[in-house]
Amino acid sequence: MDALTLGTQRLVHLDLKGAPPKLCYFEKFFPLIKELGATGILIEWEDTFPYTRELLPIGGLSNSAQVSGAPYSIEEARQLLDMAADFELSVVPLVQIFGHMEYVLKHEQWRNLREVEAYPSSMCPSNSETMALVRSILKQIIAFHPGIQYIHIGADEVWYMGLCSTCSKRVNTGKYGKPGLYLDYVTAVAQYIKENYPNLKIIIWDDMLRSIDIHILQEYYLGTLVEPMIWQYNSAETFHLGAPVWEKYGNVFSNVWAASAFKGATTSSQILPVNKYHVSNHEAWLSELGLHAGKIMHFKGIALTGWSRYDHYATLCELLPSAIPSLSLCMKTWLNGGYNPELHNSVGKMLGYNDNTTNFGSPIKSPVLPQLSFPGWQIFVGMEWFVNLRTKYKSIIDSDQMHSWFNQWQVLNNYTNPMQVDTILPVIVDLLNELLSLETYLRGHLELIYYPHTIEELLGTLIDPIKEHLKQIKSDCETQLSLGCRVRGQRRLNI
Ligand SMILES: [Zn+2]
């Protein structure tokens, strides 16, 4: 794989709509990714950007963000960009303008711009106020990022399109139906950017273009307006783009980008990245480009995406510190033109694993915490601990003993055998104590890197439900032991 095929850009995606780190984390993260071989960052601020004036409710300066301790202030956002510049990382802001608009459309004042009244995901391209809003968003984002060469305007996964009465009329009467509706809007946004910021190049996600006929793309002169970023996050087994996509893009666009994934692309509630899967995704990309890069004029490079949520309302998936091993392996696989055990070992050493523990990325089995050396490794280890603990919890709750001697009917009817309860209680108490230790450990380390609203969400999602359940079982065990064994038929009416 030669340098030309690989392109010159290697952007690391920062999806700040979930678990946005504090600045002190970027101070360590930026030199790390620079060292790994990144050339820049693809920064998706979403609701963390300090929007002002008419857009103030959307971002980090809104009342709700302030109340919940969410980032970023203007000063913090500036410092973040300055820090990236200090490490000579180019910055490409990513701002959605069509689908994935929940961060805007959930607000009452922009509710009228929804394509489907009940759903806040897609904007109506036919509403005259939509373009005014998008211009305001773009103006503030572009003004905040002086000197940028690229802006990414998303435009992927517009799931609800052509459904309101105006849009459906346009789809039914327009020359190109839904593709025409999509392209009318995206090219209008791109033209606005070109007219007002002539030096700025525009990237869009490619998925909506895959099914659009080449002649329609050519008729819209899309290749003169935008550069597609082709995303494919699957492992080699299910990775599929294929020759027709490359042939089509090669005939429409001069410049093409790729997007892989190092986290946030396996399951929507994933806690630890599946390193093997993400490495395989990069290997598949290398092989795909080996086959098809010749069909396009310029391959610009790759964005290694790291999704923090599947969408604005989805739960958090892998945290950035937990994904440093995956990111390191993926970047090195990409630069090396493939993966091999030596590469794995050298990345392991770089991250602080000794020779005996280079099999990183699978939950730790030992209660002794390792000492690693990458930024935020304590959170990674804490999450490994959590995954192990949750597995233990599930196996206890779902055990034969619980189903046979401590099920809900038995507890409600005070019909339990103390001999069994005496063996269940210590197991539950041990697990609860371990969970409380983990909570203290995690909270302490999370507070160093994350803002209060992330910590509250994370612990409230992962730790609290298990904690409350274990406390309830413990209390039930104690009640049953105090009652002793009873004859059947004495419900807990008087307790
Ligand atoms: Zn509409």
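This is a predicted model: local features need pLDDT of at least 70, side-chain atom pairs count only at pLDDT 80 or more; totals for chains, interfaces and linings use all residues.

Mentor: Residues are numbered from 1 along each chain as its sequence is written.

Trainee: In what order do the 8 strands of the open sheet lie?

Mentor: Strands here are DSSP runs of E with at least two residues, helices are runs of H or I with at least four residues, and both are numbered from the N terminus. Two strands pair if DSSP finds at least two bridges between them. The pairing in this sheet is parallel, and the order is 3-2-1-10-9-8-7-6.

Trainee: Which strands are the edge strands?

Mentor: An edge strand pairs on one side only. The two that do so are strand 3 (90–93) and strand 6 (150–152).

Trainee: Which residue of strand 7 is the bridge partner of Ile151?

Mentor: Strand 6 runs parallel to strand 7 (residues 201–205), and 3 bridges join them. In strand 7, the partner of Ile151 is Ile202.

Trainee: How many residues of strand 9 are buried?

Mentor: A residue is buried if 20 or more other C-beta atoms lie within 10 Å of its own, exposed if 12 or fewer, and partly exposed in between, with C-beta atoms placed from the backbone. Strand 9 spans residues 255–263 and is mostly covered. The buried count is 8 of its 9 residues.

Trainee: How many bridges join strand 9 to strand 10?

Mentor: Strand 10 covers residues 298–306 and runs parallel to strand 9. Ser260 has Leu304 of strand 10 as its bridge partner. The number of bridges joining the two strands is 8.

Trainee: Through which helix does the chain cross from strand 9 to strand 10?

Mentor: This β-α-β crossover is right-handed: with the strands pointing away from the viewer, the path from the first strand over the helix to the second runs clockwise. The helix on that path, residues 275–292, is helix 12.

Trainee: How far apart are the C-alpha centres of domain 1 and domain 2?

Mentor: Domain bounds come from an automatic or database domain assignment, which gives domain 1 (3–351) and domain 2 (377–494). The distance between their C-alpha centres is 40 Å.

Trainee: How many residues does the contact take from each domain?

Mentor: Two residues are in contact if their C-beta atoms, placed from the backbone, lie within 7 Å. Domain 1 gives 17 residues, and domain 2 gives 16 residues.
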